[in-house]
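Subject: Structure handover

Hello,

Here is the structure I promised to pass on. Please open it alongside this note, which goes through what was found.

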Amino acid sequence: QVRLVESGGGLVQAGGSLRLSCVASISIFSNDNMGWYRQAPGKQRELVAAISSGGSTSYADSVKGRFTIARDNAKNTVYLQMNSLKPEDTAVYYCNVPLVVAKGFASWGQGTQVTVSS
């Protein structure tokens, strides 16, 4: 359906910042919500942030106040600004379409590795 490519991860000290980008291979339509997910070693994948086509946002409690999701539909891109990073944020981060994920239809790309050292 939609091919998504994540970038921007890396190794950072606790308290640092990273900005992740997700570029879609096709246009993001007005009714498409987008989300950022992460999966840490030994843990289930979780939704950490979501944004509607109208710009409404939601966040997991664990990242609220530290992460900000944004989108630029003209560039078919979704961003995740990550501030005040903690070692617990270490994970592979993915973007996807929440409705597709919820229905069990999603495929997952390479993701981008975020590693936060203490």
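Strand β10 (residues 112–117) has side chains that alternate. T112, V114 and V116 point to one face and are buried. Buried here means under 20% relative accessible area; exposed means over 50%, and partly exposed lies in between (1.4 Å probe, protein chains only). Strands are DSSP runs of E with at least two residues, and helices are runs of H or I with at least four; both are numbered from the N terminus.

Two points on where this comes from. The model is predicted, so to speak of local features a pLDDT of at least 70 is needed, side-chain atom pairs count only at pLDDT 80 or more, and totals for chains, interfaces and linings use all residues. Residues are numbered from 1 along each chain as its sequence is written, and side-chain values use heavy atoms, with hydrogens and water left out.

The sheet

Strand β10 belongs to an open sheet of 6 strands. The order is β2-β10-β9-β4-β5-β6, and the pairing is mixed. Two strands count as paired if DSSP finds at least two bridges between them. The edge strands are β2 (10–13) and β6 (57–59), each of which pairs on one side only. On average, neighbouring strands of this sheet are turned by 25° against each other, direction ignored. For that angle, axes are lines fitted to C-alpha atoms (for helices, over the stretch in contact), and angles run from 0 to 180 degrees between N-to-C directions.

Now the pairs. β2 and β10 run parallel and are joined by 4 bridges. L11 has T115 in β10 as its bridge partner. β9 and β10 pair in the antiparallel sense, over 3 bridges. There, Y93 stands opposite T112 in β10. Strands β4 (residues 34–39) and β5 (residues 46–51) run antiparallel, with 5 bridges between them. M34 has I51 in β5 as its bridge partner.

The disulfide

How many disulfides does the rule give? The count comes to 1 disulfide. The rule asks for a pair of cysteine sulfur atoms within 2.5 Å. The pair is C22 and C95, with sulfur atoms 1.7 Å apart. It links distant parts of the chain: C22 lies in strand β3 (residues 18–24), C95 in strand β9 (residues 91–96), and they are 73 residues apart. The torsion about the S-S bond of C22 and C95 is about 65°, so the disulfide is right-handed. Both ends are covered: C22 is buried at 1% relative accessibility, and C95 is buried at 2%.

Loop residues

S52 sits in the loop between β5 and β6. Its relative accessible area is 19%, so S52 is buried. Leaving out residues up to four places away in sequence, S52 touches D32, N33 and R71. Contact means heavy atoms within 4.5 Å.

L85 is in the loop between β8 (77–82) and β9. L85 counts as buried, at 2% relative accessibility. With residues up to four places away in sequence not counted, its contacts include V12, L18, F67 and V116. L85 and L4 are 81 residues apart in sequence and 24 Å apart in space, C-alpha to C-alpha.

Two residues deserve a look for their backbone. Most residues other than glycine have a negative phi. N76 is not a glycine, yet has a positive phi of about 50°. N76 is in the loop between β7 (67–72) and β8, and is buried at 17% relative accessibility. S84 is not a glycine either, and has a positive phi of about 50°. S84 is in the loop between β8 and β9. With a relative accessible area of 42%, S84 is partly exposed.

The whole chain

The protein chain has 1 helix and 10 strands. Along the sequence the pattern is β-β-β-β-β-β-β-β-β-α-β. The radius of gyration is 13 Å, close to the 13 Å that the globule rule gives for 118 residues, so the chain is as compact as a globular protein of that length. That radius is taken over C-alpha atoms, and the globule rule is 2.2 Å times the number of residues to the power 0.38. The C-alpha atoms fill a box of roughly 40 × 25 × 25 Å along the principal axes. Buried residues make up 41% of the 118 residues.

Best wishes
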